[in-house]
Amino acid sequence: SFHYVEAGESLAFWEVMQKVNQSPQMSDGEIKEIMNKVWPRDNEGLGVYSHGLPGPHLGVWDDIIRVVRKISNGVVTSSC
């Protein structure tokens, strides 16, 4: 669920959105790899109400990647 997002997750999610928007032909595996690389892992980075990413072999990744692709289509790249 993306209804409550801590700062670390917001920054990681924005980075993922930017990369997918810039390279829409990116494979599902590449998106998963980027998310695992940038997503916070410890309690300080995740925040009190957050959960880490799912395990590598869980089927929920298909849903997550589908949502990431849909959202990234509307991302405007930053000129800053």
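View 1. Helices here are DSSP runs of H or I with at least four residues, strands are E runs of at least two, and numbering starts at the N terminus. Going along the sequence, you get α-α-α-α. This is a predicted model, where local features need pLDDT of at least 70, side-chain atom pairs count only at pLDDT 80 or more, and totals for chains, interfaces and linings use all residues. Residues are numbered from 1 along each chain as its sequence is written, and side-chain values use heavy atoms, with hydrogens and water left out.

**View 2. Here is the largest nonpolar core, with 15 residues.** Such a core is a set of buried Ala, Val, Leu, Ile, Met, Phe, Trp, Tyr and Cys residues joined through side-chain atoms within 4.5 Å; buried means under 20% relative accessible area with a 1.4 Å probe, protein chains only. Val16, Val20, Ile31, Met35, Trp39 and Val68 touch the most other members. Over the whole chain of 80 residues, 29% are buried.

**View 3. H1 packs on H4 at an angle of about 70°, with the axes 9 Å apart.** H1 is therefore roughly perpendicular to H4, a label for angles of 65 to 115 degrees. On the H1 side, Phe13, Val16, Met17, Val20 and Asn21 meet Val68, Ile71 and Ser72 of H4. Sorted by class, this contact has six nonpolar, two polar and no charged residues.

How values were computed:
Buried < 20%, exposed > 50% of the residue type's maximum accessible area, 1.4 Å probe, protein only. Axes fitted to C-alpha atoms, helices over the stretch in contact; angles between N-to-C directions. Parallel < 35°, antiparallel > 145°, perpendicular 65-115°, else oblique. Contact = heavy atoms within 4.5 Å. Nonpolar A, V, L, I, M, F, W, Y, C, P; charged D, E, K, R; others polar.
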